[in-house]
Amino acid sequence: MLMFNENFLWGGATAANQFEGAWNVGGKGPSTADVLTDGTHSSPRRITKQIEQDAYYPSHKASDFYHRYKEDIALMGEMGFKVYRMSIAWTRIFPTGIEDEPNEEGLAFYDNVFDELKKYNIEPLVTISHYEMPLYLSQKFNGWYSRKLIDFYLKYCKVIFERFKNKVKYWLPLNEVNCGAYPFGNYISLGILNDGTENAIYQVDDVQKRYQALHNQLVAGAKVVKLAREINPDFKLGCMIAYMQSYPLTCHPKDALQCQKQMGIGNFYCADVVVRGKYPFFAKRYWEENGIHIVMEPEDEIALKEGTVDFFAFSYYSSNCISHEEEKQNTTEGNIVGGITNPYLTTSEWGWQIDAEGLRYALNELYARYQIPMMVVENGLGSYDKLEEDGSIHDDYRIAYIKEHIKNMAEAIKDGVDLIGYTPWGCIDLISVSTGEMEKRYGFVYVDSDNKGNGTFNRYKKDSFYWYKKVIASNGQNID
Ligand code: BG6
C-alpha cells in the first residue's frame, strides 16, 4: 500500500531552452544555451560564442513546444498531471537582459501556456532561470560574476511576478543553483566563459571567480524570494538543488570524511544558504584552503536571511561513491559530476548509476536537515527508445526505473518525510543538457526527431505514458 497524500502533486518537468525551440521567434533574444552545439556521449558540446553557419544548435528547434504547446499540454492532461514544471526563457521577456521594457510577445506566449494548463487543472511550477540567460549578459559582464546581474535578474522577476501573479503559485528562482559549486556550472549555470574554454564539459575553471558568481546568484535568489512575497503573499517559493547522493567507498574513516566533505560542498553549501539563510559553518575553511575570497556587501547577510524558501525542491538521478585515494577517482559518470563506481548498482546507457533506494536515503537526510516540505522535481532515465512501425514504443526499462523510485518515495513518506510532489524529468522528450542529444530520451511521450533535428516532430505515446497515467489516476496505488 503506497502512501501518497490526496493532494500529492504528480506531474512532469521540462525547461525552455531544451524544449521550446523557436529560439529567435516572437522577439526572443539569443541565450547562452543557443550557442551550444550538438554533441554526443563521447564528443562534448562546443560553446561557439557566435552562431556558426555550419554548426547545429539543438536549442533552436528543440522539441518545438513553442508551436505545439496545446497538443503537449493536452497529452499532460491525458496523463492526469496535477503539476507541470516548466521554465520561462529570460530572453523571451528581455532579449538582451538590459532593456527597460519587456517583450510583450514573450509574456503573451506564457499567458497562453498558463491558460492552456488551467483548462486541464494543471498547476504550473515555474523555474525562473533554467540553465540559460541572455547571451549579451554573459558576453558583456561575464555572467553572474558581475554583481550587475542581480538587478537585471530582479527586473525580469518583477515583471513576471506581476504579470502572472494570479496564474502561477509555485516558483523556483534558479535551476540547480549548486551547479555553480562544480566547474561544469561555469558557463552552464553562471554564464562565465573563461579564456580557453571551448566546450561544455572541460571548462577552464577559476575557482575564485566561480564562487563569487555563485554568491551573487545566491543573493539574487534570496532577494527574489522577498520580492515575490511582496507581490503576492500566497506565492510558494522553492529552492532547486541538484542533489548528489554519495556514499563512502569503504568504511575507512578517511573515505567517510572525504564523502562528508564532498556532500557538504556539493549539496549543503548552497542548500543551507537558501533554506537556512546563511553559509554553513564549514564554508570558511573551504574558502581559506582554496584561496577564495568572496566580496560581500553589508546588505547580503540580511538579504540571505530574509529570502529563505518554503519548500525544498531537488533533482535526483543517480548516486556515486567517494574515496580519499587519488588513484581511485572518476570511474563513473552522473548528473553534473562523476564519482566512483558502486559495485552494487547498475548504470544507464549514459553511465549514470541507478539507485532508487538512494532517493529514499536522500529524502530522509534532507528532511532531517531542513524540516520543510520536499519535492522531487527531476528524476528519470535517459535512454534510447525505438519507435515501432505501428507508432508504439516499448520502454519497460523506463517504467522499471520510475516504478522503483516511486516505491522508495512511498517508503520515505512512511518514514515520516513530508513529500508533496514528483515531476519526472523530460516528460516529453527534449534535448539533453550534457550531450545536446535528442536521442537521450526521458519522456513518456516520444518526439520524432533525431540528434540533428531531422523528423516530423510528431508525438507518440510510449508504454510508460499509459503506465504513468494509471499511477496518477490511482494516486500511486496501481503501480505494478
Ligand atoms: C539536470 C538539469 O541537471 O539534469 C536538466 O536540470 C537536465 O536540465 C537533466 O536535462 C538531465 O541531464 P542530461 O544531461 O541528461 O540532460
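**Figure 1. Six nonpolar, three polar and five charged residues line the second largest pocket.** In this division, Ala, Val, Leu, Ile, Met, Phe, Trp, Tyr, Cys and Pro count as nonpolar, Asp, Glu, Lys and Arg as charged, and the others, Gly among them, as polar. The model is a predicted one, in which local features need pLDDT of at least 70 and side-chain atom pairs count only at pLDDT 80 or more, while totals for chains, interfaces and linings use all residues. Residues are numbered from 1 along each chain as its sequence is written, and side-chain values use heavy atoms, with hydrogens and water left out. The pocket has a volume of about 430 Å³. Its lining consists of 14 residues, and L257, Q260, K261, F282 and R285 are those nearest its centre. Two or more lining residues come from each of the elements α9 (253–276) and α10 (283–289). The largest share, eight residues, belongs to α9. Pockets and cavities are found on a 1 Å grid over the protein atoms alone: a cavity is a set of points where a 1.4 Å probe fits but cannot get out, a pocket is an open set with protein on both sides within 12 Å along at least five of seven lines, and lining residues have an atom within 4 Å of a point. Grid points are joined across faces, edges and corners, and a volume is the space filled by probe spheres set on the points. Helices (H or I, at least four residues) and strands (E, at least two) are DSSP runs, numbered from the N terminus.

**Figure 2. The largest cavity is lined by 16 residues.** P173, L174, G221, C239 and V274 lie nearest the centre of this cavity, which holds about 120 Å³ of space. The structure has nine cavities of 30 Å³ or more. At least two lining residues of the largest cavity come from each of β4 (170–174), α8, β5 (236–242) and α9. Helix α8 gives the largest share, five residues. Twelve of the lining residues are nonpolar and four are polar, with no charged residue.

**Figure 3. The ligand is surrounded by 15 residues.** The closest are E176, V433, S434, K440 and Y442. The shell divides into six nonpolar, six polar and three charged residues. A side-chain N or O atom of S434 lies 2.5 Å from an oxygen atom of the ligand. For E378 the distance from such an atom to a ligand oxygen is 2.7 Å, and for S432 it is 3.3 Å. The protein covers 98% of the 370 Å² of accessible area that the ligand has on its own. Accessible areas come from the Shrake-Rupley method with a 1.4 Å probe; for residues, only the protein chains shown count as cover.

**Figure 4. The side chain of N199 reaches the backbone nitrogen of I201 at 2.9 Å.** A polar atom of the N199 side chain also lies 2.8 Å from the backbone nitrogen of Y202. N199 sits in the loop between α7 (185–188) and α8 (207–231). With a relative accessible area of 16%, N199 is buried. Buried means under 20% relative accessible area, exposed over 50%, and partly exposed in between (1.4 Å probe, protein chains only).

**Figure 5. N451 lies in the loop between β13 (445–447) and β14 (459–461).** Its side chain has a polar atom 2.9 Å from the backbone nitrogen of M438. The backbone nitrogen of E439 is 2.8 Å from a polar atom of the N451 side chain. N451 counts as buried because its relative accessible area is 18%.

**Figure 6. K49 and N142 have positive phi values.** Most residues other than glycine have a negative phi. Phi is near 70° in K49 and about 60° in N142. K49 is in the loop between α1 (16–19) and α2 (65–79), and is partly exposed at 43% relative accessible area. N142 is in the loop between α5 (135–141) and α6 (148–163), and is buried at 17%.

**Figure 7. D396 is part of helix α13 (residues 396–415).** The relative accessible area of D396 is 54%, so this residue is exposed. D396 and H60 are 336 residues apart along the chain, and their C-alpha atoms are separated by 31 Å.

Technical notes
Near = heavy atom within 4 Å. Polar contact = N/O pair within 3.5 Å; in protein donor to acceptor, adjacent residues only side chain to side chain.
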